[in-house]
There are 2 protein chains.
Amino acid sequence: MDPAVVGRRVRALREERGLSLSTLARLAGVGKATLSGLEHGTRNPTLETLWAVTAQLGVPFTALLAEPTAEPTVHGTAVTATLLEVFTETDATYELYRMRVAPGVVQLSPAHAPGVTEHVTVFAGVLRAGPADAPLTAPAGGHLRWVSDVPHTYAAVGDEEVAASLLLRYPRR
Amino acid sequence: MDPAVVGRRVRALREERGLSLSTLARLAGVGKATLSGLEHGTRNPTLETLWAVTAQLGVPFTALLAEPTAEPTVHGTAVTATLLEVFTETDATYELYRMRVAPGVVQLSPAHAPGVTEHVTVFAGVLRAGPADAPLTAPAGGHLRWVSDVPHTYAAVGDEEVAASLLLRYPRR
DNA sequence: CCCGACTGTTCCGTTTACGGAACGTAAGCG
DNA sequence: CGCTTACGTTCCGTAAACGGAACAGTCGGG
């Protein structure tokens with residue numbers, strides 16, 4: 001586990017909220033040196049420190065700490081996906097994945113059950129995905145949706161690895 | 001946050017697995033004194049220590065850090081949202097929320113920073129949301145997207161509560 | 001009985017995370 | 001231009017978390 005990762009996330013969350021390092025340190029009741037070191041990953045923060053900071057940011061620990069292990073991960077030729085959450089509703093079940101697509105390879109996935117749809121939101125890179133005969137393209141920040149009861153493909157456009165979230169919707173039969 | 005709670009959970013998890021304190025300490029690469037103090041709540045463990053111990057137990061941090069209910073960031077009258085994950089990319093950070101919208105109320109939320117976009121995928125119910133002057137509508141399985149640097153609204157259409165996932169995208173400055 | 005191997009706790013010297021103060025820097029204002 | 005205010009980083013003495021060793025207690029075998 002990389003403390004630098006935690007640091008970057010804290011900094012990102014702080015800046016999203018428009019808080020300065022000084023004010024967050026004051027609100028959380030920790031020293032500025034502590035917070036600075038935490039964000040830089042040059043310190044090994046204490047549970048108490050982490051708690052104080054995350055409480056001020058209104059963020060659960062989960063959001064800060066990359067999942068350690070035991071997460072179901074699916075590996076394909078180009079795609080690796082880790083299951084984050086499963087939402088069960090009355091008429092459908094949703095599976096939320098964190099997805100990464102390696103560049104230079106095209107992955108072909110078989111058809112799912114009838115009515116299954118996929119929603120992809122691209123975080124970084126450019127993704128071409130969708131039905132094998134008519135794939136769609138989306139850049140970072142973009143969103144794709146298709147009905148995946150036909151064979152479909154995933155591919156990164158260009159040299160950059162694609163990061164995205166994948167939401168699978170399985171209608172109740 | 002009570003360190004004693006964390007300690008009791010670690011001890012419980014360790015004993016469930018039939019591990020002795022000594023062996024867990026050795027496996028995790030921490031001192032026995034450290035682990036003993038951690039389980040008793042008489043220490044304020046370091047991120048590194050927690051990581052080492054939980055990794056050996058095969059347990060995500062979440063399981064340790066009491067907050068079964070977490071903290072729903074109650075946006076207000078109609079919407080309750082809980083932060084599930086934060087994704088940090090090079091040009092943007094993403095916050096993924098689980099969202100529920102109560103029927104019969106319309107919620108108005110203030111504008112976010114420039115460039116922030118919201119992606120909503122509806123799981124159940126019918127959602128009307130988006131810029132206050134031009135809201136969009138989506139049924140279960142549908143998807144909405146808008147730029148949220150203007151005031152925006154959330155409302156459930158009909159009597160059914162809306163369940164959805166909300167993805168907030170904050171571009172890097 | 002002892003003995004060895006094991007349990008978990010306590011002691012202790014070293015390492016280091018802590019917060020306050022001092023620092024360099026940048027932006028706003030007369 | 002100063003002067004002020006706020007920013008984030010670095011310095012530093014103190015407090016405490018760290019691992020190793022020594023400790024008492026318990027079990028099972030020769």
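Of the 20 residues around DNA strand C, those that come nearest are Thr34(A), Thr49(A), Ser20(B), Leu21(B) and His40(B). A residue is near a strand if one of its heavy atoms lies within 4 Å of it. The model is predicted: local features need pLDDT of at least 70, side-chain atom pairs count only at pLDDT 80 or more, and totals for chains, interfaces and linings use all residues. Residues are numbered from 1 along each chain as its sequence is written, chains are lettered from A and ligands numbered from 1 in the order in which they are written, and side-chain values use heavy atoms, with hydrogens and water left out.

Sugar or phosphate supplies 68% of the atoms of DNA strand C within 4 Å of the protein, and bases supply the rest. The surface near DNA strand C has five nonpolar, 11 polar and four charged residues. Here Ala, Val, Leu, Ile, Met, Phe, Trp, Tyr, Cys and Pro count as nonpolar, Asp, Glu, Lys and Arg as charged, and the others, Gly among them, as polar. At least two residues of this surface come from each of H3 of chain A and helix H1 (3–16), helix H2 (21–28) and H3 of chain B. H3(B) gives the most, with four residues. Helices (H or I, at least four residues) and strands (E, at least two) are DSSP runs, numbered from the N terminus.

Several polar contacts reach DNA strand C. Such a contact is a pair of N or O atoms within 3.5 Å; within protein, one must be able to donate a hydrogen and the other to accept it, and residues adjacent in sequence count only if both atoms are side-chain atoms. A side-chain N or O atom of Arg43(A) is 3.3 Å from a base oxygen. Thr49(A) places a polar side-chain atom 2.4 Å from a phosphate oxygen. Ser22(B) uses a polar backbone atom, 3.3 Å from a phosphate oxygen.

DNA strand D has 19 residues around it, and Ser20(A), Leu21(A), His40(A), Thr34(B) and Thr49(B) come nearest. Of its atoms that come within 4 Å of the protein, 69% belong to sugar and phosphate. Phosphate oxygens of DNA strand D lie 3.4 Å from a side-chain N or O atom of Arg11(A), 2.4 Å from one of His40(A) and 2.4 Å from a polar side-chain atom of Thr49(B). Two or more residues come from each of H1, helix H2 (21–28) and H3 of chain A, and helix H3 (32–40) of chain B. H3(A) has the largest share, four residues. By class, the surface holds five nonpolar, 10 polar and four charged residues.

Within chain A, helix H1 (residues 3–16) packs on helix H3 (residues 32–40) at about 115°, with axes 6 Å apart. Axes are lines fitted to C-alpha atoms, for helices over the stretch in contact, and angles run from 0 to 180 degrees between N-to-C directions. Gly7(A), Arg8(A), Val10(A), Arg11(A) and Arg14(A) of H1(A) meet Leu35(A), Leu38(A), Glu39(A) and His40(A) of H3(A). Contact means heavy atoms within 4.5 Å.

Thr46(A) sits in the loop between H3 and helix H4 (47–57) of chain A. Thr46(A) counts as buried because its relative accessibility is 19%; buried means under 20% relative accessible area, exposed over 50%, and partly exposed in between (1.4 Å probe, protein chains only). Leaving out residues up to four places away in sequence, Thr46(A) touches Asn44(B), Pro45(B) and Thr46(B).
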